[in-house]
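Biologist: I am new to this structure and would like to go through it in short steps. Please end each reply on the value or name I ask for.

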Amino acid sequence: MKFKPLDIESEFNSQEQDTILVRKGNQIHGILLFLTASYGIVYTLVNLVQSYYIQSLINFSSVLMTGCTSYLYIKNKILISKILNLCQLMLVISMMFYFPPNLASHEADSILVFFIPIILGTLIVFQGRERRYGYFFAILIFLLMVSLMLIDKHFDLGLKKDYDE
């Protein structure tokens, strides 16, 4: 038997390997939930201070949705938690793109960069038997990012800060 130090299959059978990968993906998902909630809280406050009320509301809704997905995670409904958290992240970033604080600049276009780490996180979080979900959502997020870039539509709800003062 040849020794292969980087070969996981030599140490574990496929069932054990699958279990270990899923468990590690679940742990990373728990950390990402914490980061998502932290981001939402910080940017809710930052946007309130800057008088960007729509963005503040969007970020606060992210905190609430992350709370729901965290509850599912705690109740051991982890796959549903992963899928819902991923969907809410796609929704929040899309909303931030559609409702920028300043329509005159193109700063809202830079929000699409956040899709790249989300794609990578998706491929990391969905492991083992769940890997097909990771591939599906990575492709879906990529297509969403490209379609948002091509459509390039932004809306103003009349609640923006007055920049001429």
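Biologist: Which element gives the largest share of the lining of the largest pocket?

Modeller: This is a predicted model. In it, the elements that give two or more residues to the lining of the largest pocket are α2 (14-49), α4 (78-98) and α5 (115-125). The largest share is six residues, and the element that gives them is α4.

Biologist: How much space lies in the largest pocket?

Modeller: The lining of this pocket has 19 residues, and those closest to its centre are L32, T36, L89, P117 and I118. The space in the largest pocket comes to about 450 Å³.

Biologist: Which residues make the nonpolar surface patch, and is Y53 buried, partly exposed or exposed?

Modeller: The patch covers about 390 Å² and is made by I41, L45, L48 and Y53. Three residues of the patch come from α2, the largest share, while Y53 lies in helix α3, residues 53-74. Buried means under 20% relative accessible area and exposed means over 50%. Y53 has 44% relative accessibility, so Y53 counts as partly exposed.

Biologist: Which residue forms a salt bridge with E130?

Modeller: The count of salt bridges comes to one. The closest N and O atoms are 2.6 Å apart, and the partner of E130 is K82.

Biologist: Are E130 and K82 buried or exposed?

Modeller: The cut-off for buried is under 20% relative accessible area. E130 has a relative accessible area of 12%, so E130 is buried. K82 has 2% relative accessibility, so K82 also counts as buried.

Biologist: What share of the residues in the protein is buried?

Modeller: The cut-off of under 20% relative accessible area applies here too. The protein has 165 residues, and the buried share of them is 35%.

Biologist: How many helices and strands does the secondary structure come to?

Modeller: From the N terminus on, the elements run α-α-α-α-α-α. The secondary structure therefore comes to zero strands. The number of helices is six.

Terms used
Residues numbered from 1 in each chain as written. Predicted model: local features only at pLDDT ≥ 70, side-chain atom pairs only at ≥ 80, totals over all residues. Heavy atoms only, no water. 1 Å grid on protein atoms, 1.4 Å probe; cavity = no way out; pocket = protein on both sides within 12 Å on 5 of 7 lines; lining within 4 Å. Points joined across faces, edges and corners; volume = space filled by probe spheres on them. Helix = DSSP H or I, 4+ residues; strand = E, 2+ residues; numbered from the N terminus. Patch = residues over 30% accessible without salt bridge, like charges linked within 9 Å, V, L, I, M, F, W, Y side chains within 5 Å. Areas by Shrake-Rupley, 256 points an atom, 1.4 Å probe, with all protein chains shown as cover. Salt bridge = Lys/Arg side-chain N within 4 Å of Asp/Glu carboxyl O. Buried < 20%, exposed > 50% of the residue type's maximum accessible area, 1.4 Å probe, protein only.
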